[in-house]
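Colleague: I have a model open and would like to learn how to read it. Please take me through it feature by feature.

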Amino acid sequence: MTALQEKPKAVAPSGPPPRRRGKRATALAGTDKLVLAIMLGIPTIVHLLFVWIPTLGSIALSFSRWNGIGGFEDIEWIGVENYVEIFTEYPRFWPAVQHNLIWLAFLLVVPTCAGLLLAVLLDRELRFSRIYQSALYMPMVLSLALIGFIWQLIYTPDGGLLNSVLGLDKPVDWIGDSDINLYAVLVAAAWRHTGYIMLLYLAGLKGVDPSLKEAAALDGASATQTFFRVTFPVMKPVNIVVAVVTVIEALRAFDIVYVINKGRNGLELLSVLVTDNIIGEASRIGRGSAVAVILLTISLGVIIPYLYQTFSKENRT
Amino acid sequence: MTATLERPSAPVVSKKRTITPARAALHAFLILTCLMTLAPLLWAVYASLRTYEDTSVNGYFSVAKSLTLANFAKAWEIGDLPHFYLNTFLITVPALVLTLLLSSMVAFGVSRFSFKLNLVLLMIFTAGNLLPQQVIVTPLWRLYRLIEVPEWISASGSLIDSQLGVILIHIAFQSGFCTFVLSNYMKTIPYELTEAARVDGASVFRQYWQLTLPLCRPVLAALATLEFTWIYNDFLWALVLIQDGDKMPVTSALQNLKGTFFTDNNLIAAGSLLVALPTLVVFFVLQRQFVGGLTLGSTKG
């Protein structure tokens with residue numbers, strides 16, 4: 001970690017005069033080197049210490065058995081036993097995986113389609129456009145914990161808005177019924193996510209060169225054809241951001257189910273299984289960390305391609 | 001779709017703005033969508049304005065006998081909201097200021113100077129910002145017990161159960177996003193500017209503080225708005241890292257309030273709205289910054 005810190009300041013000033021234009025015409029003076037090293041060093045140390053060291057910690061602890069309370073000498077190293085147990089015995093694991101996958105699929109389909117549709121509709125000269133946008137963005141500023149509270153007022157079996165509107169003879173317990181509560185919660189989560197996706201696509205649509213659309217129209221393409229053959233492919237960077245944001249959001253999902261029923265009874269998620277070991281009943285740091293590593297592996301599946309896409313472009317310019 | 005839109009309006013010769021059926025349908029659809037989007041919040045407002053007696057007799061889906069603000073006063077008092085707002089304030093303000101300060105320093109370093117590791121550094125921050133919190137939460141919770149701090153900062157003697165601990169993780173975690181956005185923005189500032197300042201003998205720190213930062217004012221404003229809502233809305237960090245319910249920020253304290261308000265949904269609605277209020281105010285006053293910040297974080301890069 002420190003080696004990583006030291007290098008920049010050591011490398012930057014020495015070495016032959018750089019051929020790259022402009023960037024460093026004059027060598028940095030001694031004090032400037034030190035100042036720059038501090039400016040880069042402190043934030044990097046904070047970030048590494050509290051984000052990346054714990055990440056490595058999760059990986060290490062996933063191979064151990066530990067209650068987390070005792071000292072480090074109590075840690076028992078047991079190899080991949082935690083993973084074996086998770087995959088074969090742990091009853092809450094596969095339901096959680098399934099729920100996370102449903103969560104992801106739902107967020108990838110519903111808010112993305114709705115957000116894209118709304119963005120296309122709003123991306124034109126339109127009266128009251130700003131008011132519409134404000135209303136649609138608004139759920140974004142609310143925390144998912146709060147959304148859990150607000151939506152419970154809609155879902156409660158006695159006197160909730162939804163049951164009252166539907167007027168069913170037998171009230172549906174939207175939150176309590178483990179067959180449907182996941183979808184009920186997902187609607188609430190999608191409610192918030194749609195505004196974000198719409199925002200991303202609106203920005204993306206504004207960035208599309210209008211002459212492209214004109215050219216397509218001159219060639220006799222219909223509006224639909226223009227959208228799917230020209231506009232949508234041109235928005236590839238936005239599509240990638242939408243995909244990354246959605247996958248990460250689906251993996252992070254926690255607050256809303258925790259507020260509603262602490263992630264039980266049909267609302268198990270991987271994030272809940274991890275957190276339960278430190279604030280819930282279970283206190284098995286090793287097994288919890290193994291679940292965290294599984295989360296990490298899945299998220300790296302989108303983080304690495306995203307970094308590659310983002311920073312390979314950088315090298316070219 | 002636009003092509004078909006034009007046709008019906010063609011025969012109408014009028015200087016006035018004509019409303020085509022398609023346009024009207026579009027507006028109708030958008031109005032309906034907006035109302036559906038606002039419905040959950042409006043429903044909460046409606047419930048919060050009614051008395052317990054009224055709703056327990058007539059149900060929630062009924063015309064209110066009378067409207068009252070009493071639930072808000074009650075939630076404010078029973079929930080001890082001023083106390084929790086203060087907790088949130090004590091966490092949010094330092095976390096926000098320090099996040100912007102530290103990430104602008106890194107962004108300045110990686111975007112203005114070229115050294116071997118600047119891309120690696122930027123990638124570390126960007127990737128860190130995308131990790132799910134649960135990946136780091138368990139070791140962090142243990143790490144916090146190891147880090148000793150003086151008693152006057154935390155009664156527990158370690159970072160666990162202290163507001164400082166929550167502030168630190170916010171800074172560490174959020175600096176990923178801010179560094180990414182700020183460095184993208186700083187790259188658009190011409191090199192000639194800092195180059196000229198350097199030739200004139202300005203130190204690195206002056207180039208950063210007096211030249212680069214003022215130019216970044218719009219993006220800093222956008223990030224500040226966004227980070228305020230994110231840190232304010234945090235639920236997980238405080239829930240895990242603070243055990244003493246009295247020290248919780250207001251969002252995490254919602255969980256306590258639920259118990260305090262037993263089953264009075266009107267009170268829960270009022271309490272939820274009071275908790276949402278600061279972010280809603282920020283959203284309505286600084287909407288452009290809020291939207292701008294999110295756009296900056298996504299489209300560049």
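Modeller: First, the ground rules. This is a predicted model, in which local features need pLDDT of at least 70 and side-chain atom pairs count only at pLDDT 80 or more, while totals for chains, interfaces and linings use all residues. Residues are numbered from 1 along each chain as its sequence is written, and chains are lettered from A and ligands numbered from 1 in the order in which they are written.

Colleague: How many helices and strands does chain A have?

Modeller: Helices (H or I, at least four residues) and strands (E, at least two) are DSSP runs, numbered from the N terminus. Chain A has 14 helices and two strands.

Colleague: What share of the residues in chain A is buried?

Modeller: A residue is buried if 20 or more other C-beta atoms, placed from the backbone, lie within 10 Å of its own; 12 or fewer make it exposed, and in between it is partly exposed. Of the 317 residues in chain A, 45% are buried.

Colleague: Which residues have the most contacts inside the largest nonpolar core?

Modeller: In soluble globular proteins, nonpolar side chains tend to be buried together. A nonpolar core is a set of buried Ala, Val, Leu, Ile, Met, Phe, Trp, Tyr and Cys residues joined through C-beta atoms within 7 Å. The largest one here has 171 residues, and A:Val185, A:Ile256, A:Val257 and B:Leu241 have the most contacts inside it. Helix α8 (residues 181-206) of chain A gives the most to this core, 17 residues.

Colleague: How many residues of each chain touch the other?

Modeller: A contact means C-beta atoms, placed from the backbone, within 7 Å. By that rule, 89 residues of chain A are in contact with 91 residues of chain B. Helix α2 (residues 30-61) of chain A supplies the largest share of chain A's side, 19 residues.

Colleague: At what angle do α5(B) and α11(B) cross?

Modeller: Two packed helices are described by the angle between their axes and the distance between the axes. Axes are lines fitted to C-alpha atoms, for helices over the stretch in contact, and angles run from 0 to 180 degrees between N-to-C directions. Helix α5 (residues 81-112) and helix α11 (residues 217-233) of chain B cross at roughly 145 degrees, with axes that come within 10 Å.

Colleague: Why does B:His170 count as buried?

Modeller: B:His170 counts as buried because it has 24 C-beta neighbours inside 10 Å. B:His170 sits in helix α8 (residues 163-186) of chain B. Leaving aside neighbours within four places in sequence, its contacts include B:Ala95, B:Thr99 and B:Ile231.

Note on methods:
Two residues are in contact if their C-beta atoms, placed from the backbone, lie within 7 Å.
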